[in-house]
Amino acid sequence: MLFSRLRGGGRILILKAAPASAAPALGDRPRPTPLRVVGGTGRPPGLTAVPLRRRSALLQPRLFPPRPNGVPSGHAQPRCRRRSSPGLAAAAPPRSRPPRPPAPPSSAPAPPARKMLQLYLLAAHGKRRQGTRRDARRPPPARDVGWALFRGRRRPAARCRRDGQAVTGARFVLAALRLAGAALLSPGSCAFEDSACGYQWDYAHLPWALHAEGHYIFVDTSYEGEKAVLSSPELYSEEWSCVRLIYQIAVTPETSPDPTRLNLYLRQEGESFDRLLWSAEEPSDSWLIASLDLKNNTKKYKIVLEGEMGQDKSASIAVFEIKITPGYCIECDFEENHLCGFVNRWNPNVNWFVGGGNIRNSQSILPKDHTLNSELGHYMYVDSVYVKHFQEVAQLISPKTTAPMSGCLSFYYQLKQESSIVFTVYLKDTSGSYEEIWKTDSALSADWMLAEVDFNAPYPLEVIFEVAFNSAKGGYVALDDISFSPIYCSNQTGTSFDPAKAGCNFEEDLCNFYQDHKDGPGWSRVKVKRNVYRAGDHTTGFGYYLLANTKFTSQPGYIGRLYGPTLPGNLQFCLRFYYALYGFFKMTGTLAVYIFEENNVVQEKIWSVLDSPKGVWTQAEMSFKKPMPFKVVFVSWCKSFWDCGLVALDDISLQLGNCQAADVLLPNPGECTFEKDECMFIQKRRGRGSWHRRRGPTPTSYTGPKGDHTTGVGYYMYIEASNMVYGQRAYLISRSLRGTSGKQCLTFFYHMYGAGTGLLSVYLKKEGDDEEIPLWRRTGEQSISWLRGVIEYQSDRNYQIIVEAIRGVSIRSDTAIDDILFQAGPCLEVEEIQLSSGYPDSLNEIEY
């Protein structure tokens, strides 16, 4: 048996462990068995997780090594005979279909196939409750769970002495205060003990129910339905906060193409869409923990849980606890039972353990922690006593960041080094790439030492505290009080770098870009008037962009250089931009991207174009990192008169992090690029005369786009006029959107090119009304380019947005839309009013 003390509830967690293959050598001290149960990706063979039922004692098992005599630390060695072991209930009651609760949430049987071992606990400081094994088919009364700590103090006959020492009243008071403190939950937090704490389920979907004995809230497939929605009371916080969710997803072993999933959304005041913060579909036989950062905001908000039941007929989702605390999820003082979501990477020989708490009954290596400066405080530590191989590594892994953050990461540590030992801090992104950000530079620290390091998390990543030993006499490392500040570390010079200043859409000027004119005229900032012969810019379709080789006066070897601002070294960057090529031959190498170091002498090519001219705005992206400050330079090279053509450049953007890692960021709510599906839109009817999702050019010549607006090679929605008759309509309708009191802004891109182009309209339909309110309309041929539409509207009731396309007089009437975005608040700019078509003046004219 392996014991782990859970503070606050006075309980002992019992797990089944695999038997040791061999007895320890003479003189070896008993070896701690580390756990990796909650929040990890797996468990060691032979270790079975026991889901707990106690709300105040959370689920991360604390990693305590046993005492030298084989008794787990934190617990007394028994000196009187116990009558029996704690009772265990082998499984939850079999599920039956409960009556549908009239109001959310209600009591109901446990989720299906949940094999919970009910642990009957135990008074504080290691005293087991006496009793016999209960009937596995009958759950214990609720009173047996909540107050075991206090009940154990009322039984003098069952009291055992600990090495001759009585349990002091002060420690009992401390335990009582911890138990009472566990019941004081912050707004939005809920342990689902006796109520749902103001959380309500949506009556239009499956019901959530409180389990009568297990004290968790759950939803299962007892009812017919696709999902269940649970929303919190209205919350407000101007500071960063952390949401910790303890949950479990139970499914049958068979795989399903539509898995059961648990989603968590942020519903902000004034927004029509919920923002997806987190999603999980991994089934588990134990409770898991998720940590989610909430950025500071002045708006009121709600937490929304959505359970998608998928196609599994025996699936269930249970939520054990929701806890909202101020601060960042990456911060931890290790006083909480769940260790703030930090997990230990399993290693057979060396692992991180929890130290402190009660020095008299613990195998802790330090007399006091840093948080409380007391023997009752806790910290994490790892030592080398069980090292078997050279460079054995122990890793403590933080929760994954879920919101972009940058600033100063600090922590306290102690290090005792008898032989070579390396203590390092890494960042690990979703692709598995490691980046070292700190390494200890001291051989010995007899007291707690402060470490500070600049920290940038523009995309999801984990912080890993790693210790590598060379021998069993390497020493130890202790860790405590991990904290974060949005202000960069005081011992670092310079100011934080803003990647937005290294981008430009060229609408106003060249931003922070500049040219060296010694090689020739270089790049020109131009604007194409809206027309049907020459494509406009990528940003709006009628704005400015950069054009190279615009005049046929170039000599062989012509070069135009565009220099970006200086970028700091030792940072990972993702560069994205759009380019378009116009010409008659393959234009390989006519556009390239170089990196110039600060001295402008050393240069490296990181990208060059290989395309033939297509006249379509195409996205390019690349990741890079350099140790020294450098600049990004765009080079247009003309090999000969006939190979020059025209090279266009627009919408340069720079982000921190790897491009592949940045792609895993959750999309903005209300945004649809049609790259994966039709998003929040549905078709009024499907068939030949409806909207179609497509990539590349449309089948009919001289109409429709050549590529999508998002990347140039992605998907868009369009109507195929050759399948329709004159005047036929196609509707694209949004799902019901939440009404708000403030203004909303809708932007999208549309493409109306072709001599027979018909009509494109956008309508607002409020819930309960038959009338459709017209918001925007264009008729006839507009441009060969994608043009941006901007609509500002308002609706205090739930509503739908309807996009209507009407086929024109000929088959050259393909109409397309792409990149739809709903945003809260008024539009920052108003679109030019244009209610009819007509060929613009000065066709094919370029403004310089």
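1. Phenylalanine 748 counts as buried, because its relative accessibility is 5%. Tryptophan 776 is buried too, at 7% relative accessibility. Here buried means under 20% relative accessible area, exposed means over 50%, and partly exposed lies in between, with a 1.4 Å probe and protein chains only.

2. A word on the source. This is a predicted model: local features need pLDDT of at least 70, side-chain atom pairs count only at pLDDT 80 or more, and totals for chains, interfaces and linings use all residues. Residues are numbered from 1 along each chain as its sequence is written, and side-chain values use heavy atoms, with hydrogens and water left out.

3. Now the rings. The count comes to 41 aromatic pairs. Rings of Phe, Tyr and Trp (its six-membered ring) pair if their centres lie within 6.5 Å; planes under 30 degrees apart are stacked, over 60 edge-to-face, and the rest tilted. Tyrosine 328 and phenylalanine 484 have ring centres 4.7 Å apart and planes at 70 degrees, so this pair is edge-to-face. The two residues are 156 apart in the chain: tyrosine 328 is in the loop between β15 (316-326) and β16 (343-344), and phenylalanine 484 is in strand β25 (residues 475-485). Both tyrosine 328 and phenylalanine 484 are buried.

4. Back to the opening residues. Phenylalanine 748 and tryptophan 776 also form an edge-to-face pair, 5.0 Å centre to centre with 85 degrees between the planes. This pair links distant parts of the chain, with phenylalanine 748 in strand β41 (residues 743-752) and tryptophan 776 in strand β43, 28 residues apart. Strands are DSSP runs of E, at least two residues long, numbered from the N terminus.

5. Which residues do ring pairs link into a cluster? They are Phe506, Phe513, Phe577, Tyr579, Trp607 and Phe634.

6. Lysine 684 lies over the face of tyrosine 731, 4.5 Å from the ring centre. The charged end of arginine 693 sits over the ring of tyrosine 715, at 3.9 Å from its centre. The rule asks for NZ of Lys or CZ of Arg within 6 Å of the ring centre and within 35 degrees of the ring normal.

7. Strand β43 belongs to a sheet. The sheet is open, has 5 strands in the order β37-β40-β45-β42-β43, and pairs in the antiparallel sense. Its edge strands are β37 (681-683) and β43 (773-779), each pairing on one side only. Two strands pair if DSSP finds at least two bridges between them. Strands β42 (residues 759-766) and β45 (residues 799-806) share 8 bridges. Serine 761 has glutamate 804 in β45 as its bridge partner.

8. How many disulfides does a search of the whole structure find? There are 8. A disulfide is a pair of cysteine sulfur atoms within 2.5 Å. One of them joins cysteine 408 to cysteine 489, S to S 2.3 Å. The torsion about its S-S bond is about 100 degrees, so the disulfide is right-handed. Cysteine 408 is in strand β20 (residues 405-417), and cysteine 489 is in the loop between β25 and β26 (514-515), 81 residues away. Cysteine 408 is buried at 6%, and cysteine 489 is buried at 3%.

9. Another disulfide joins cysteine 672 to cysteine 679, S to S 2.1 Å. The torsion is about 85 degrees, so this disulfide is right-handed. Cysteine 672 is buried, at 0% relative accessibility. Cysteine 679 is partly exposed, at 35%.

Notes: Helices (H or I, at least four residues) and strands (E, at least two) are DSSP runs, numbered from the N terminus.
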